[in-house]
Amino acid sequence: MPIQKLLEQLHIPEREAQVYIALLKEGMTSVGPIVTDTKLHRQLVYQSLDKLKDLRMASMVLKNGRQHWHATDPSILLERAEKQQSIAKLAIEELMAVKQKVQDDVH
């Protein structure tokens, strides 16, 4: 399965997946090479980079007054999945408590 599709299955939107893959290929880079690689409009690339930064999948540094971006380690995906699993477990515990209370009230 293509890597972009795998990222999309992990709930990374299509554009962000494209930009992340381009960042991994380029290393530390300005936006220009990402635009060239992805063929996305410059503004869409900036939006995707901001979203990737929020997801902790990319970071930015200033070099000579210009933004340079790089992809964070792909293992961040596993950390995100583990956090989601922890949240799901907590939600299930809370929901089961609500369900049990309703059953106790019925009897």
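Predicted model: local features only at pLDDT ≥ 70, side-chain atom pairs only at ≥ 80, totals over all residues.

Student: Start with H2 and H4. At what angle do they pack?

Tutor: Helix H2, residues 14–26, packs against helix H4, residues 42–54, at an angle of about 85°, and their axes are 9 Å apart. That makes H2 roughly perpendicular to H4, because angles of 65 to 115 degrees count as such.

Student: Which residues make the contact?

Tutor: H2 contributes Arg 15, Glu 16, Val 19, Tyr 20 and Leu 23, and H4 contributes Leu 44, Gln 47, Ser 48, Leu 49, Lys 51 and Leu 52.

Student: And by class, how do the residues of that contact of H2 with H4 divide?

Tutor: Into 6 nonpolar, 2 polar and 3 charged.

Student: What about H3 and H4, how do their axes cross?

Tutor: The axes of H3 and H4 cross at roughly 110° and come within 10 Å. That makes H3 roughly perpendicular to H4. From H3, the contact uses Val 31, Gly 32, Ile 34, Val 35 and Thr 38; from H4, Arg 42, Val 45, Tyr 46 and Leu 49. By class there are 6 nonpolar, 2 polar and 1 charged residues in the contact of H3 with H4.

Student: Stay on H3. Which of its residues are buried?

Tutor: Helix H3 covers residues 31–38, and in it Val 31, Ile 34, Val 35 and Thr 38 are buried.

Student: Why are they on the same side of H3?

Tutor: They cover an arc of only 100° around the axis, so they fall on the same side of H3. In general, an α-helix has 3.6 residues a turn, so residues three or four places apart point the same way.

Student: What covers them?

Tutor: The cover over the buried residues of H3 includes H2, H4 and E2.

Student: Where else is phi positive?

Tutor: His 11, in the loop between helix H1 (3–9) and H2, has a positive phi near 70°. Asn 64, in the loop between E1 and E2, has a positive phi near 55°.

Student: Are those two buried or exposed?

Tutor: His 11 counts as exposed because its relative accessibility is 69%, and exposed means over 50%. Asn 64 counts as exposed as well, at 83% relative accessibility.

Student: Change of topic: where is Thr 72, and what does its side chain reach?

Tutor: Thr 72 is in the loop between strand E2 (66–71) and helix H5 (76–106). Its side chain reaches the backbone oxygen of Arg 56 at 2.8 Å. Leaving aside neighbours within four places in sequence, Thr 72 is in contact with Tyr 20, Leu 24, Arg 56, Met 57, Ala 58 and Ser 59.

Student: What does Gln 4 touch?

Tutor: Gln 4 lies in helix H1. With neighbours within four places in sequence left aside, Gln 4 is in contact with Glu 14, Ala 17, Gln 18 and Ile 21. Gln 4 and Arg 15 are 11 residues apart in sequence and 9.4 Å apart in space, C-alpha to C-alpha.

Student: Last one, Leu 62. Buried or exposed?

Tutor: Leu 62 is exposed, with a relative accessible area of 61%. Leu 62 lies in strand E1, residues 58–63. From Ile 12, Leu 62 is 50 residues apart in sequence and 26 Å apart in space, C-alpha to C-alpha.

Conventions:
Residues numbered from 1 in each chain as written. Heavy atoms only, no water. Axes fitted to C-alpha atoms, helices over the stretch in contact; angles between N-to-C directions. Helix = DSSP H or I, 4+ residues; strand = E, 2+ residues; numbered from the N terminus. Parallel < 35°, antiparallel > 145°, perpendicular 65-115°, else oblique. Contact = heavy atoms within 4.5 Å. Nonpolar A, V, L, I, M, F, W, Y, C, P; charged D, E, K, R; others polar. Polar contact = N/O pair within 3.5 Å; in protein donor to acceptor, adjacent residues only side chain to side chain. Buried < 20%, exposed > 50% of the residue type's maximum accessible area, 1.4 Å probe, protein only. Arc of directions from axis to C-beta.
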